[in-house]
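Subject: Structure handover

Hi,

Here is the structure I promised to pass on. Please look through it before reading my notes.

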Protein chains: 4
Amino acid sequence: ACNGLLERLDSGEVVVGDGSYLLTLEKRGYVKAGLWAPEAVVEHPNAVCQLHMEFLRAGSDVMQTFTFSASEDNMESQWEAVNTAACDLAREVADKGDALVAGGICQTSLYAHHKDEVRIKKLFQLQLETFARKNVDFLIAEYFEHAVEAVWAVEVLKESGKPVAATVCIGPEGDMHGVTPGECAVKLMKAGASVVDVNSLQAAGLKEHLMVQSLGFHMPDCGNRGFLDIPEYPFPRVATRWDIQKYTREAYSPGVRYIGGCCGFELYHIRAIAEELAPERGFLPPASEKHGSWGSGLNMHTKPWIRARPRREYWENMWPASGRPLCPSLSKPDA
Amino acid sequence: ACNGLLERLDSGEVVVGDGSYLLTLEKRGYVKAGLWAPEAVVEHPNAVCQLHMEFLRAGSDVMQTFTFSASEDNMESQWEAVNTAACDLAREVADKGDALVAGGICQTSLYAHHKDEVRIKKLFQLQLETFARKNVDFLIAEYFEHAVEAVWAVEVLKESGKPVAATVCIGPEGDMHGVTPGECAVKLMKAGASVVDVNSLQAAGLKEHLMVQSLGFHMPDCGNRGFLDIPEYPFPRVATRWDIQKYTREAYSPGVRYIGGCCGFELYHIRAIAEELAPERGFLPPASEKHGSWGSGLNMHTKPWIRARPRREYWENMWPASGRPLCPSLSKPDA
Amino acid sequence: ACNGLLERLDSGEVVVGDGSYLLTLEKRGYVKAGLWAPEAVVEHPNAVCQLHMEFLRAGSDVMQTFTFSASEDNMESQWEAVNTAACDLAREVADKGDALVAGGICQTSLYAHHKDEVRIKKLFQLQLETFARKNVDFLIAEYFEHAVEAVWAVEVLKESGKPVAATVCIGPEGDMHGVTPGECAVKLMKAGASVVDVNSLQAAGLKEHLMVQSLGFHMPDCGNRGFLDIPEYPFPRVATRWDIQKYTREAYSPGVRYIGGCCGFELYHIRAIAEELAPERGFLPPASEKHGSWGSGLNMHTKPWIRARPRREYWENMWPASGRPLCPSLSKPDA
Amino acid sequence: ACNGLLERLDSGEVVVGDGSYLLTLEKRGYVKAGLWAPEAVVEHPNAVCQLHMEFLRAGSDVMQTFTFSASEDNMESQWEAVNTAACDLAREVADKGDALVAGGICQTSLYAHHKDEVRIKKLFQLQLETFARKNVDFLIAEYFEHAVEAVWAVEVLKESGKPVAATVCIGPEGDMHGVTPGECAVKLMKAGASVVDVNSLQAAGLKEHLMVQSLGFHMPDCGNRGFLDIPEYPFPRVATRWDIQKYTREAYSPGVRYIGGCCGFELYHIRAIAEELAPERGFLPPASEKHGSWGSGLNMHTKPWIRARPRREYWENMWPASGRPLCPSLSKPDA
């Protein structure tokens, strides 16, 4: 990759993130629901490599290492092999395009039991050492339920001298423990993050480099709470590609330039980001040769009413039905 | 594979089919919606191989060659390379387990324009020659909108001396052109099929070897018509894994023993078939190590209300919400 | 009333029926749910009179006596007073317009226990004597779950020499005990009915005078079964006035000329029938002075977006929301 | 009535309000949608009297004069006859029970065009003179979209020396023009109101006599905006009697003691208030003789599964279906 993350964002370029490794590979049979760990990078490297390839083809400019939950407290003796293999897989595919490798860390299991800053920072440092050795292009701190732990993560990651992107998520307790999203963003920036999740920035008034990584699900019933409380979790209702085009436009318009996905985001969701922003970026991703904008391949279908579908107007005005008249449209969250 | 299709079915064994290559690979960026052809077997063999592997791990006893629409009239000069590569990919993966390779043919494009028996049978023969050369274990005629063409297909395929399984689908015209499903089943059996789709057999009173390959979608609004008329087609609402367990039980109880999937059937749907029938079969598929029955891995989740979910009772009594209160539950089919 | 029922229908006139006394008066506090008897005609005659007046103002050409379930086996010693008072109330209001009085009988309680033709016919004769004494204009046999009992009713009623209209309803057992609707219609006509419910005539090929009296509810989940099985019964989801306009047009177009309502049909539903058929009939009912077609009074509203609503196109294209995102759109019927 | 409003509330008694005259009489054909004026009190006094009777029988302790929009600017020359007749009708029925007559005023049309305090107060004074002459028991200021005008109304009404109850509603502009509900409540109390709508008191910390008069509709899609924006307005989805029992309990528990209804509230909704509070009040209303708690009459139904329904548990756990699978559960408000 010629240009790093900040060069790209500083020059006004859009950076398309990648999607969900964890839930996508769970649906493919390689990740264990509940445990949510990335042992697949050593057990089934081809499957992980294949998914990286799909995101690349779909238009991702970032290959995030599949190191979710890969801290030593979760993976035990496997942790080093997993972090190393994840970096290699991400790099292998990134180099087939013009993508950046992002070393990713998330919350630890330890924090829930012992809010021990020294031990937790040590866990982050161990992962960071692998990322440094493997020369990732930047670092990303993602999926923290507690602002304090996210700040610790950013403090560790910035020591690398590489750019740090940071997002938090509103935890299942429905708040960030006395910190508002705006305060959290300020804390993360002060701690050293260069790119901050736009949700963290509501009300903060800051506007440096904004990123957003949405869930790939419909979750209006979550309210401020995490999606863990939805009765269908972890197997819920997937957003359409057209939903994601709308989300992309809504993020881009007010200035977000790093747009990707979190849990449940599939590669056709990433492709939808890339297709929505094709006018601005000047090109379509490789996987659009099988899709075109708005499903253009459908104009070759044998049925005339299906040939009439591949138009922006058709998909934007379609109200997808659930096919489940005995089911409600919203659920009552648990807990 | 030690035992062939009929040996297995004759001995009372369950045969778990495989799922949807076309729509799954469309969502992964390798198949063009509208054209629906399998050029991916030559363009992206790793992606196809990976999907075969996932079905195998999920419990499939059959690897259907990814030759949907791969007749000469659709693929032109590519047709031979595609059929050959598809056989090789299916065999490569089948031999990693105890799976059978099924050479698959479907309706031609020609039929819509010229109902020319000689030319159409010639197209089937060409594919069959490849299948024979590559020594597939049995043949499957699937996705025909017209009973007449399905009968022609079976007549050609039985010449191979290998078992023939046959299914039709009710076409978007809402009927099979003057033939009822029961009549159709009798025609297909007379033509030489040994295993026939259970839908074809309603009212026929026949009961040799029954198979069923369901869509992976919720489609109560289709009525008797094909799912092409649903406004969301070809990107519709996916069934849950629990829906598929219910479907499996409902098929197994009255005697269906070949149970697989058609369009939209993902590997976790196949795994759900294998998990539902684990008591009868005596084993779980490899991919269940990441799932267990009823999502057993969730009992390791950090939140107590999620640890309470991995139970048959929980998932069977859950009414999945759409998350879309502005959308209806059923759509008005087109056309 | 100058012209009787048959003169009107023979001359091609539309006859607008009336709506539901039972459920409307239950909601007003005068009828006991479960018992469903018309003691209100003696206990609260003003309330019944008021409802007759509302139907008349809404456009009804028929005042059906509120004698549902008023046979001797249900009402005991009250029965004669109830039938007499009901006739007086209906006549009092009918004579304020140009409406006809219809003496109404329905199924007995006796039939469920003793299918004793003699005793049941005797019950009908007793009611008929009151109707004859009070000189009703015609007779109507409505709400029978069993075709046999409906035939007995018609046989009794025709003895009066007055026209007999007859409808059956498909009972909660889901059939009419071995009689198809078409056979039932033929039986009713042979037994002496001059006007027969259009549902009874499907497939009968007969087409004399057709009537239809719909429920005022949305009941797609009933299937062929009665609406008693819906979990919300007897307090269910009411049709809009626009639904009823559509129903009216759908009945009128193929030739139905007696159009009214059964359970749950309110007076604004009757007004909707009269408004939909105003072009054919040449006049609006009195109550339309407060409504106009398509809610025309709304064009005097203070808010511009509400002034934009009173148009056929607006209401026909509106999809009414339930306001209940936690509830399904269809229920699972009981029993 | 022996005891006045404040004596009742001071002694801890519950006061059950009445329901919606306007929308109920619109559905009965006597009020013009859009104009929403009470000319029915002179045109169809029996119909208004009948509705008062129904509310009384349902348990209302208050007969509000049907004088909505009956200020001189709306009714022109009719205004005095309308106000006088409305008082007479309310008194006639109130005296048949132990009910109080409340003289009701609402916002003027004038305010929207000229915020002229002198002219608007003059309009209120004119109505108040009639109320004083007819010796109503107390006064109620209800349905104001603007806090300022509500304060003017209270300032006029308190001059009568009678108790004043006051509610505002959040206007279709979504706010009260710079005044929060809590501030509004304080203003209304300072202006002289003795009983104030609980919505006005959120956050005010005051807790004298609280009242609540809910809509009879499901309106989660309104948000903070008025229900005028709902596409179905003014003909929307009615709450069930069980919904209203829940609403009653939720109002009573934190201390509200004047509980009634606003637009769309039918008499069976009022009866539901009275039935829910029967344990506290020690008696059921007259109309419960046709209903009993939880529809107890249904235990006389012929079908066993319906006899099983009249239980609190059944109705509280029922999720009413819309019967409309092609419709959404929430609408997109207009404007």
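My notes on a helix pair and an annotated site follow.

This is a predicted model: local features need pLDDT of at least 70, side-chain atom pairs count only at pLDDT 80 or more, and totals for chains, interfaces and linings use all residues. Residues are numbered from 1 along each chain as its sequence is written, chains are lettered from A and ligands numbered from 1 in the order written, and side-chain values use heavy atoms, without hydrogens and water.

**Helix pair, chain B**

Helices (DSSP runs of H or I, at least four residues) and strands (E, at least two) are numbered from the N terminus. Helix α6 (residues 79-94) of chain B packs against helix α8 (residues 117-133) of chain B at about 35 degrees. Their axes are 10 Å apart. These are lines fitted to C-alpha atoms over the stretch in contact, with angles from 0 to 180 degrees between N-to-C directions. On the α6(B) side, the contact (heavy atoms within 4.5 Å) uses B:Trp79, B:Glu80, B:Asn83, B:Thr84 and B:Cys87. They meet B:Leu126, B:Gln127, B:Thr130, B:Phe131 and B:Arg133 in α8(B).

**Annotated site, chain A**

An unreviewed UniProt entry annotates A:Cys262 and A:Cys263 as "binding site"; such annotations may be inferred rather than shown by experiment. A:Cys262 sits in the loop between β8 (258-261) and α13 (267-276) of chain A. A:Cys263 lies in the loop between β8 and α13 of chain A. A:Cys262 counts as buried because its relative accessibility is 16%. A:Cys263 is buried too, at 12%. Buried means under 20% relative accessible area (1.4 Å probe, protein chains only). Leaving out residues up to four places away in sequence, A:Cys262 touches A:Gly19, A:Ser20, A:Glu142, A:Gln213, A:Ser214 and A:Leu215.

Best wishes

Terms used
Buried means under 20% relative accessible area, exposed over 50%, partly exposed in between (1.4 Å probe, protein chains only).
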